[in-house]
Amino acid sequence: MPEDHPPSVAAVPLPYAFARDHGVALEGGRVVAGPGASVTGLREAQRRAGLNAPLDREDATGFEAVLARLYHSGAREGEVQGVTFDLVDTATDKRGRDLLEDAEEAPVIQLVNQLLRQAVLDGASDLHIEPHEGGLRARMRLDGFLKTVMDRADVPVKRVVSRLKVMAGLDIAETRLPQDGRIPLRLGGRMIDTRVSSLPGNYGERIVLRILDRAAGLMPLDRLGLDAGQIALLERLAATPNGIILATGPTGAGKTTTLYSLLKLADREERNIVTVEDPIEYNLTGISQTQINAEIGMSFAAGLRATLRQDPDVILVGEIRDTETASTAAQAALTGHLVFSSLHANSSVAAVVRLRDLGLENFLIAATLRGVIAQRLLRRLCPDCRRSHAPSSSEAAQFDRAGLPLPTALHDAQGCDACNGTGYAGRLGIFEILEVGEDLREAINHGAGEGALWQQALPPRDRLIGQALRAVSAGQTSLAEALRVVGDGA
């Protein structure tokens, strides 16, 4: 490159908003032009890259892929130049507007955008904005653990909170009551949806954002962590003509992702599939999806009753959380519908006890329940720094109780630069899948307790603890992590 040309592409990249609006980008010393590339954009790109830089033309899909690679794929805070969040305002602009174009409160807007951008790029599931006596703290939930990313005393707390409430469509004048909303965002063409919850506190309103990455897409069952036998069992359950199939586990365990994967298994041309969700996390082609709205009386139970008048074959109910929803779901299953839903319970057998607690009769549970999936997410050991050791007698006892062979070596977390000192990188799912057969159905119908139901259900090796210990044997996670998540019981 001649010496009188500007610095290299890596040193002076095009701002994201400019690249998007003018249809040009700089990648690897070349100028990439989209179908709508402007003369201004091409001139600026060639000015930065040099007159001798090659020019490649891409169609709309190819150009979006280039933008995704350049501006958010694998990037981290401080490595992305000019990437800004766009507030999706479909009423005025299908493309969305740049939040930093409003200069009046630019410092606050930039701070909010920076926190949101960092949370998305780091793969956080939640972002917490917490006012306290000393100022404002921001924490992200990464792999199930909260990590502080900012704690400053010089931040205008009320203006930051108000900014988030405005973005979420909440009432900024109301600071005494909790509120819920959502912020649809884009990052480099990547659709991000956030659920926003505000809660009054001593030092101001606390804001928690649940981040839903719509671009992540649905994963096939084998990538969720299921083995071949479990996949075959789920395929059989999804093919049943009627009944209830439940996914159980704590918040953030991936129940919705599993249900969506099951829904895709059940999706056939001759079936009418309807969902009632809060929120709609992924858009599923060919499936009617309904968002509940409790403020106007559109609850899970009301939505479920309405879907029954839509001639459905398969119904997805986001969550069974009250007696009315449980009863309506059971009646739907009795009248020939296949119902998928989630339920808060600690294990597959505990789901039966929970349904009893919600007021369902034993005969109704026995007649409608077809299968239960209990799941957890374990942190995956960092492959760069994990350390092996011979199992101790107490560790060996865990495998003996589960009826599993003792591995020759176990692995522990250490911590390195690659995993930010945590010793873990990413998570993997473990699943306990219970198919309700004749013997178990008879036990449920006679009101058997949880202990007696386990005798008819699964051996320890097939329960959550057994699945977790298999991951430990494979070196995917540590025994300490398995026991932290699943516990020491059966």
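## Overview

A residue is described as exposed when its relative accessible area is over 50%, and as buried when that area is under 20%. These terms are applied below to a predicted model. The protein contains 17 helices and 20 strands. Of its 490 residues, 49% are buried. Among contacts with a separation of 6 or more, 62% are accounted for by residues 24 or more positions apart.

Helix 14 spans residues 438-445, and its buried residues are Leu440, Arg441, Ala443 and Ile444. Because these residues cover an arc of only 160° around the axis, they are placed on the same side of helix 14. Glu438 and Asp439 are exposed on the other side of the helix. Such a pattern can be read against the geometry of the α-helix, which has 3.6 residues a turn, so residues three or four places apart point the same way.

Several elements cover the buried residues of helix 14. Among them are helix 11 (348-357), helix 12 (362-368) and helix 15 (450-456), together with strand 17 (369-381) and strand 20 (424-435). Just after helix 14, Gly447 adopts a positive phi of about 75°.

Helix 2, formed by residues 39-49, has Gly41, Leu42, Glu44, Ala45, Arg48 and Ala49 as buried residues. They lie on the same side of helix 2, because the arc that they cover around the axis is only 165°. Val39 and Arg43, on the other side of helix 2, are exposed.

The cover over the buried residues of helix 2 includes helix 1 (16-22), strand 1 (24-27), strand 2 (30-33) and strand 3 (55-57).

## Gly62 in helix 3

Gly62 belongs to helix 3, which comprises residues 60-71. With a relative accessible area of 16%, Gly62 falls under the 20% limit and is therefore buried. Gly62 and Val32 are 30 residues apart along the chain, and their C-alpha atoms are separated by 9.7 Å.

Gln230 is located in helix 7, residues 228-238. Its relative accessibility is 10%, so Gln230 counts as buried. When residues up to four places away in sequence are not counted, Gln230 touches Gly225, Phe431, Ile433 and Gln467.

Helix 7 also meets helix 8 (residues 255-266); the two axes come within 9 Å and cross at roughly 65°. The crossing of helix 7 with helix 8 is right-handed. Leu234, Glu235 and Ala238 of helix 7 make the contact with Leu262, Leu265 and Ala266 of helix 8. Classified by residue type, this contact of helix 7 with helix 8 has five nonpolar residues, one charged residue and no polar residues.

## Helices 16 and 17

Helix 16 (residues 464-473) and helix 17 (residues 479-486) have axes that come within 9 Å and cross at roughly 160°. Since an angle over 145 degrees counts as roughly antiparallel, helix 16 is therefore roughly antiparallel to helix 17. Their crossing is right-handed.

On the helix 16 side, Leu464, Ile465, Ala468, Leu469 and Val472 take part in the contact, and they meet Leu479, Ala482, Leu483 and Val486 of helix 17. By class, the contact of helix 16 with helix 17 has nine nonpolar residues, with no polar and no charged residues.

Most residues other than glycine have a negative phi. Asp143 has a positive phi near 50° and is not a glycine. Asp143 is situated in the loop between strand 7 (135-142) and strand 8 (145-152). Its relative accessibility of 26% is why Asp143 counts as partly exposed.

Asn420, which is likewise not a glycine, has a positive phi of about 55°. This residue lies in the loop between strand 19 (410-412) and strand 20. Asn420 has a relative accessible area of 62%, and is therefore exposed.

Conventions. Residues numbered from 1 in each chain as written. Predicted model: local features only at pLDDT ≥ 70, side-chain atom pairs only at ≥ 80, totals over all residues. Heavy atoms only, no water. Helix = DSSP H or I, 4+ residues; strand = E, 2+ residues; numbered from the N terminus. Buried < 20%, exposed > 50% of the residue type's maximum accessible area, 1.4 Å probe, protein only. Contact = heavy atoms within 4.5 Å. Arc of directions from axis to C-beta. Axes fitted to C-alpha atoms, helices over the stretch in contact; angles between N-to-C directions. Parallel < 35°, antiparallel > 145°, perpendicular 65-115°, else oblique. Left-handed = near helix turned anticlockwise from the far one by under 90°. Nonpolar A, V, L, I, M, F, W, Y, C, P; charged D, E, K, R; others polar.
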